[in-house]
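Subject: Structure for your review

Dear colleague,

I am handing over the structure below, and after it you will find notes on what came out of the analysis. Please read them alongside the coordinates.

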Amino acid sequence: MNKSGWLALYFLTLFADLVLISLNMDSLRFATKPLLVPLLAVYFLTAGEAMPAKQKAWMYGAMLSCLLGDVLLMFDHLFLSGLGCFLVGHIFYIIFFLTIRYSNPPVPFCKYHWVFLNAAAVIGYILFLIPYLGNMLIPVIIYSLVISIMLQSVIHAFHFRYQRMAWYCLAGAVLFVLSDSLIALNRFYHPLPAGGQLVMLTYGLAQAGLVYGAVQYYRR
């Protein structure tokens with residue numbers, strides 16, 4: 001199968017997973033949800049030949065951590081463990097995009113307005129959730145800080161004016177933040193209409209955006 005075929009299969013599997021969520025067939029999702037990241041990893045393996053070995057290692061680390069998180073989050077009592085896996089995955093993504101930043105001369109300027117806006121959004125979101133978090137307060141605060149740094153690492157990695165593939169990575173990072181925000185709202189505040197579908201759709205598109213954009217950056 002060619003490179004595009006693996007990516008198409010990824011989106012087909014994501015669509016199947018969304019259908020299963022809509023039909024409340026959670027038991028069948030063991031055949032779709034854990035397959036998503038491996039399919040994306042195979043696409044990355046076939047399409048990312050131009051990427052340096054160290055960069056590949058960071059990306060595979062991120063994908064492996066997210067795969068473990070995907071599986072663990074399918075069991076409600078393993079929520080904290082799944083959260084921990086995704087936190088590690090975000091750290092791998094942070095390292096990946098920081099290495100792009102400092103090997104992308106001239107080093108992109110710090111975008112202070114986005115830093116402050118991001119910080120204000122994170123603080124506001126945490127303050128809103130605090131009354132509902134209970135003993136999950138500290139894990140959620142730590143996770144929120146890490147994923148916000150992941151977003152900032154993408155914002156500061158590229159020259160967006162002429163590195164157009166960077167917009168895929170930015171879209172992926174923003175969708176990842178949105179997906180995790182929806183998880184928190186759905187779990188701690190109030191169940192959202194079509195919450196499961198929205199979480200999975202934004203998450204699936206997020207992973208695809210991060211990986212596809214990174215591959216295209218090194219193929220330019």
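**The second largest pocket**

The second largest pocket has a lining made up of Pro 108, Phe 109, Lys 111, Phe 158, His 159, Phe 160, Arg 161 and Tyr 162. By pocket I mean an open set of points, on a 1 Å grid over the protein atoms alone, where a 1.4 Å probe fits and which has protein on both sides within 12 Å along at least five of seven lines, and lining residues are those with an atom within 4 Å of a point. The space in this second largest pocket amounts to about 200 Å³, a volume being the space filled by probe spheres set on the points, with grid points joined across faces, edges and corners. The lining residues of the second largest pocket comprise 5 nonpolar, 1 polar and 2 charged, where Ala, Val, Leu, Ile, Met, Phe, Trp, Tyr, Cys and Pro count as nonpolar, Asp, Glu, Lys and Arg as charged, and the others, Gly among them, as polar.

**Basis of the values**

This is a predicted model, in which local features need pLDDT of at least 70 and side-chain atom pairs count only at pLDDT 80 or more, while totals for chains, interfaces and linings use all residues. Residues are numbered from 1 along each chain as its sequence is written, and side-chain values use heavy atoms, with hydrogens and water left out.

**The chain as a whole**

The protein chain has 8 helices and 0 strands, these being DSSP runs numbered from the N terminus (helices H or I, at least four residues; strands E, at least two). The radius of gyration of the protein chain is 17 Å, which agrees with the value near 17 Å that a compact globule of 220 residues would have; the radius is taken over C-alpha atoms, and the globule rule is 2.2 Å times the number of residues to the power 0.38. Along the principal axes, the C-alpha atoms of the protein chain fill a box of roughly 45 × 45 × 25 Å. Of its 220 residues, 48% count as buried, meaning under 20% relative accessible area, with exposed over 50% and partly exposed in between (1.4 Å probe, protein chains only). Among contacts in the protein chain with a separation of 6 or more, 75% come from residues 24 or more positions apart, contact meaning heavy atoms within 4.5 Å.

**Local backbone features**

Most residues other than glycine have a negative phi, and most peptide bonds are trans. A cis peptide bond, with omega about -10 degrees, joins Pro 105 and Pro 106, and Pro 106 belongs to the loop between helix H4 (79-101) and helix H5 (112-133). Asn 24 has a positive phi near 55 degrees; this residue sits in the loop between helix H1 (3-22) and helix H2 (33-47) and is exposed, with a relative accessible area of 66%.

With kind regards
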